[in-house]
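Please look at the sequence and the model first.

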Amino acid sequence: MIDFELSADIARSRDMIHMLAESAMRPISREYDEHEHDKPMEFFDMMWNASKMSPVSIGGDGKAAKKDGPATRSLGAAVTIEELSWGDAGLYLSIPNPGLGGAAVMAAGTPEQKERFLARFKEGAPKWGAMAITEPSCGSDSAAITTTAVRDGDQWVLNGTKIFCTSGYMAVEKSEGFVVVWATVDKSAGRGGIKAFVVDHHTSGMTVTGLEKKMGIRASDTATIVFEDCRIPLNNLLGTAEVKKTTEGFKGVMATFDSTRPIVAASALGIGRAALDYTREALAKEGVAIRYGAPAHTLTTIERDFMDMEANLQAARLLTWRACWMMDQGMQNNLEASMCKAKAGLAVTQVTQKAVELLGPIGYSRKILLEKWMRDAKINDIFEGTQQINLLIIARRILGYSSKELS
Ligand SMILES: Cc1cc2nc3c(=O)[nH]c(=O)nc-3n(C[C@H](O)[C@H](O)[C@H](O)COP(=O)(O)OP(=O)(O)OC[C@H]3O[C@@H](n4cnc5c(N)ncnc54)[C@H](O)[C@@H]3O)c2cc1C
């Protein structure tokens, strides 16, 4: 039987988080958009304390699975993230939690590593996790990374530069967090030589050298991190150190994207819904109601546009929930993760742009948040695999080509 109903637990949690997004995020949304590198410390403390009580984790630390049941962890996270991003996507991304680094540990770490690296997110002061893949010379082609990890006795020594690392500053310098760094242990092995390493906060040889100034999600920090003879324990490598001739090892680290792409898609849905909700209310105030069920030939252009926007977003939501549901069932969701990310990333840019258009000059004004949501939207079409890269992955999966055969 196909069931699209959310469980009572998830629905209750969604309503609670929606209230939080409305009361704690919206009021500070503009302030932290205007002041890019300021930090809303009170908000962080509140979210940190709330996350310890929440049945649904944001970054995925595995604990929620025990309480909420293994069949809803990803779906619950997607619903949570849609609500938080409805509040403010930049603030959501800046919340102290394991983040993408946590997702990588969950995807590629051993049970012992999950406990060692993720237990800290349930105690003490707020902490952040981050994931560093992108380099000055590569992003989409993650197999081309040049950061190296060389074994020296009982340590790995990392050298290289990572850019555009979300929450990198908070994870490295401002908390007892960590960064998951992708590096090659053997360049001649190509993809097979790429491994993920956990580098703890304040490790000597790891330095944040810059923060981006961005178009959108300005409440979220995006750091450049340099690794210079940065030494970490051997058992901070996620998974196995063995370099196989096949791409097996690389597939392990790539599996991170199967959980993070639906998360990005969920965030896109939240921004899109914020724009839709605002536009619906603004149109209603002007006496323009959307007449659902009216004969198609009687619909105005505005009504058609609005219904298109809603349908676009709902299609993206169904793909996102499906990718999450598959993950929760332990099914391979690589294709669906890329599908939902590609669809939601595009849908949110179209929906927010149309919303600005529909409201005319006020949509373009900084008096309201619509123009901000349009700026925030675009990142969902860029990070965790661009629109083009996700379409490429979808084509490969459907046609049965390898990355060598179709690139
Ligand atoms: C705000 C922000 C936060 C980020 N956070 C993180 C983070 O936390 N961790 C991290 O590691 N990275 C992060 N990134 C980096 C992001 O993931 C990369 O920017 C993205 O993967 C694209 O890589 P690139 O910048 O090297 O672009 P390129 O790979 O140079 O791509 C440029 C353009 O070419 C297109 N293109 C590339 N290859 C192909 C192809 N084969 N076929 C068709 N088109 C192609 C791309 O789609 C894109 O449109 C972040 C980026 C931003 C802007």
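In which handedness of crossing does H11 pass H13? H11 passes H13 in a left-handed crossing. A crossing is left-handed if the near helix is turned anticlockwise from the far one by less than a right angle, and right-handed if clockwise. Helices (H or I, at least four residues) are DSSP runs, numbered from the N terminus.

This is a predicted model, in which local features need pLDDT of at least 70 and side-chain atom pairs count only at pLDDT 80 or more, while totals for chains, interfaces and linings use all residues. Residues are numbered from 1 along each chain as its sequence is written, and side-chain values use heavy atoms, with hydrogens and water left out.

**Helix pairs**

Two packed helices are described by the angle between their axes and the distance between the axes. Axes are lines fitted to C-alpha atoms, for helices over the stretch in contact, and angles run from 0 to 180 degrees between N-to-C directions.

Helix H11 spans residues 334-359 and helix H13 spans residues 370-377; their axes come within 8 Å and cross at roughly 160 degrees. That angle makes H11 roughly antiparallel to H13. Angles under 35 degrees count as roughly parallel, over 145 as roughly antiparallel, 65 to 115 as roughly perpendicular and the rest as oblique.

Arg26, Ser29, Arg30 and Asp33 in H1 meet Glu371, Lys372, Trp373 and Arg375 in H13. These residues divide into one nonpolar, one polar and six charged.

For helix H9 (residues 256-285) and helix H10 (residues 301-328), the axes come within 9 Å and cross at roughly 155 degrees. H9 and H10 are therefore roughly antiparallel to each other.

**The ligand**

Of the 21 residues around the ligand (a heavy atom within 4 Å), Ile133, Thr134, Ser140, Phe164 and Thr386 come nearest. The table lists polar contacts, meaning pairs of N or O atoms within 3.5 Å; within protein, one must be able to donate a hydrogen and the other to accept it, and residues adjacent in sequence count only if both atoms are side-chain atoms.

| Residue and polar atom | Ligand atom and distance |
|---|---|
| Isoleucine 133, backbone | Oxygen, 2.7 Å |
| Threonine 134, side chain | Nitrogen, 2.7 Å |
| Phenylalanine 164, backbone | Nitrogen, 2.8 Å |

Conventions
Helices (H or I, at least four residues) and strands (E, at least two) are DSSP runs, numbered from the N terminus. Contact means heavy atoms within 4.5 Å. Ala, Val, Leu, Ile, Met, Phe, Trp, Tyr, Cys and Pro count as nonpolar, Asp, Glu, Lys and Arg as charged, and the others, Gly among them, as polar.
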